[in-house]
Amino acid sequence: MSGSWRFLLVLSLFAASIPFWPLQPQQPVAGEAATPWGANYFPNIPLLTQDGEKVHFFDDLIKDKVVAINFIFTGCSDSCPVETARLRQVQKILGDRVGKDIFLYSISIDPYNDTPATLKRYAEKFGIGPGWTLLTGEPADIEQLRRSLGLYIDGLENGRSKDHNLSLIIGNQATGRWMKASPFENPYILADRLGNSLHNWKQASAMANDYAQAPEVRAPSSGEQLFRTRCSFCHTLGNAEPGQPGIGPDLLGVTRQRDANWLTRWLKEPDQMLAQKDPLAMLLYEQYNRVAMPNMRLGDTEVSALMSYMEEETARLQTPLADKGNP
């Protein structure tokens, strides 16, 4: 994907939380719920799942369901892996509700290359679980679907480029509530919208919320903000779950384990280091299921802030060697 994905990232962030109202809604057919966004609006196009099963978009995937829909392609080296990693976090937060009363769909915009077998390998690479379906189909059908969902950018997507609208569409087809959301949103906010607000808050909270116990909110440093928005999709920083490997390694202590010059370059241009087959970069690539670290377009100032934050967290959380064994 070309450098213009940065523009698309800004566009998708701007689109977060904007209600989605398709143009010129049709009247619902007899017997349908009282929503204009029904079978007469959504194209009931045929699609193939990563398992090779033929399904229809409206009848099988979204009718009477709460869903999240995005468009990706497996050959994408920067924004799509980040989107997928974020949705994986959302899936983990929602747990076994995904596949029961919440459904996730990632549809390829590159159907010539993204066969069901290719999508299945992609799902395995990212640890995608049940209830999240990857789909492919005919190019004309997928373009029609993207247009109906408001995720097609005329003039940009002209068949010569795979730049595309990065927004998610989330909604409840039965109630007619739809909105665009950024896939780079905090995963807990996305999970809350899918699990609570789009279900009209029918699920009782498992927590006894008490504002008196709420932690003090502090302003994050620039490095912490960068970690949250650029790194936390795939990495943890000292809070990895035992037995739950991430898409990438936990980064606590990385500023002490890696040469500073190597780490600086890795943060700035991982794609070039992989292309040049840097030995350590290739080792990490193989170790973490051949998921390539995307180039996040970090400048010198951003890299410095990010490395400072990771070192500060390492100093805060790791027991210094000199103190081990002390009371």
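Trainee: Lys277 first. Buried or exposed?

Mentor: Lys277 counts as exposed, at 58% relative accessibility. Bear in mind that this is a predicted model.

Trainee: Where is Lys277 found?

Mentor: In the loop between helix 10 and helix 11.

Trainee: What about the phi of Lys277?

Mentor: The phi of Lys277 is near 55°. That is a positive value in a residue other than glycine. Most residues other than glycine have a negative phi.

Trainee: And Arg297, what is its phi near?

Mentor: Arg297 has a phi near 55°, again positive and again not in a glycine. Arg297 sits in the loop between helix 11 and helix 12. Its relative accessible area is 24%, so Arg297 is partly exposed.

Trainee: Back to helix 11. Which residues there are buried?

Mentor: Helix 11 covers residues 279–287, and Ala281, Leu284 and Tyr285 are buried in it.

Trainee: Why are those three on the same side of helix 11?

Mentor: Because they cover an arc of only 100° around the axis. Recall the helix geometry: an α-helix has 3.6 residues a turn, so residues three or four places apart point the same way.

Trainee: Which residues are exposed on the other side?

Mentor: Pro279, Leu283 and Gln287 are exposed there.

Trainee: What do the buried residues of helix 11 pack against?

Mentor: Two helices. They are helix 9, residues 260–268, and helix 10, residues 270–275.

Trainee: Now the ends. What does Asp278 do at the start of helix 11?

Mentor: A side-chain oxygen of Asp278 comes to within 3.1 Å of the backbone nitrogen of Leu280. After the helix comes Asn289, with a positive phi near 60°.

Trainee: Change of topic. How many salt bridges are there?

Mentor: The count comes to 11. Let me take you through some of them.

Trainee: Go on. Which residue does Glu302 pair with?

Mentor: Glu302 forms a salt bridge with Arg230, with the closest N and O atoms 3.8 Å apart. Glu302 is in helix 12, residues 300–317, and Arg230 is in helix 7, residues 222–231, so the pair ties together parts 72 residues apart in sequence.

Trainee: How accessible are Glu302 and Arg230?

Mentor: Glu302 is partly exposed, at 24% relative accessibility. Arg230 is partly exposed too, at 23%.

Trainee: And Glu311, which residue is its partner?

Mentor: Arg256. The closest N and O atoms of Glu311 and Arg256 are 2.9 Å apart in this salt bridge. Glu311 lies in helix 12 and Arg256 in helix 8, residues 254–257, so this pair ties together parts that are 55 residues apart in sequence. Glu311 is partly exposed, at 29% relative accessibility.

Trainee: What about Asp96? Which residue does it bridge to?

Mentor: Lys100, with the closest N and O atoms 3.6 Å apart. Asp96 is exposed, with a relative accessible area of 55%. Lys100 counts as exposed as well, at 61%.

Trainee: Last one, Thr49. Where does Thr49 lie?

Mentor: In strand 1, which runs over residues 46–49.

Trainee: Buried or exposed?

Mentor: Thr49 is buried, at 5% relative accessible area. The cut-off for buried is under 20%.

Trainee: Which residues is Thr49 in contact with, leaving aside neighbours within four places in sequence?

Mentor: Val55, Pro116, Thr133, Leu134 and Leu135.

Terms used:
Residues numbered from 1 in each chain as written. Predicted model: local features only at pLDDT ≥ 70, side-chain atom pairs only at ≥ 80, totals over all residues. Heavy atoms only, no water. Buried < 20%, exposed > 50% of the residue type's maximum accessible area, 1.4 Å probe, protein only. Helix = DSSP H or I, 4+ residues; strand = E, 2+ residues; numbered from the N terminus. Arc of directions from axis to C-beta. Contact = heavy atoms within 4.5 Å. Polar contact = N/O pair within 3.5 Å; in protein donor to acceptor, adjacent residues only side chain to side chain. Salt bridge = Lys/Arg side-chain N within 4 Å of Asp/Glu carboxyl O.
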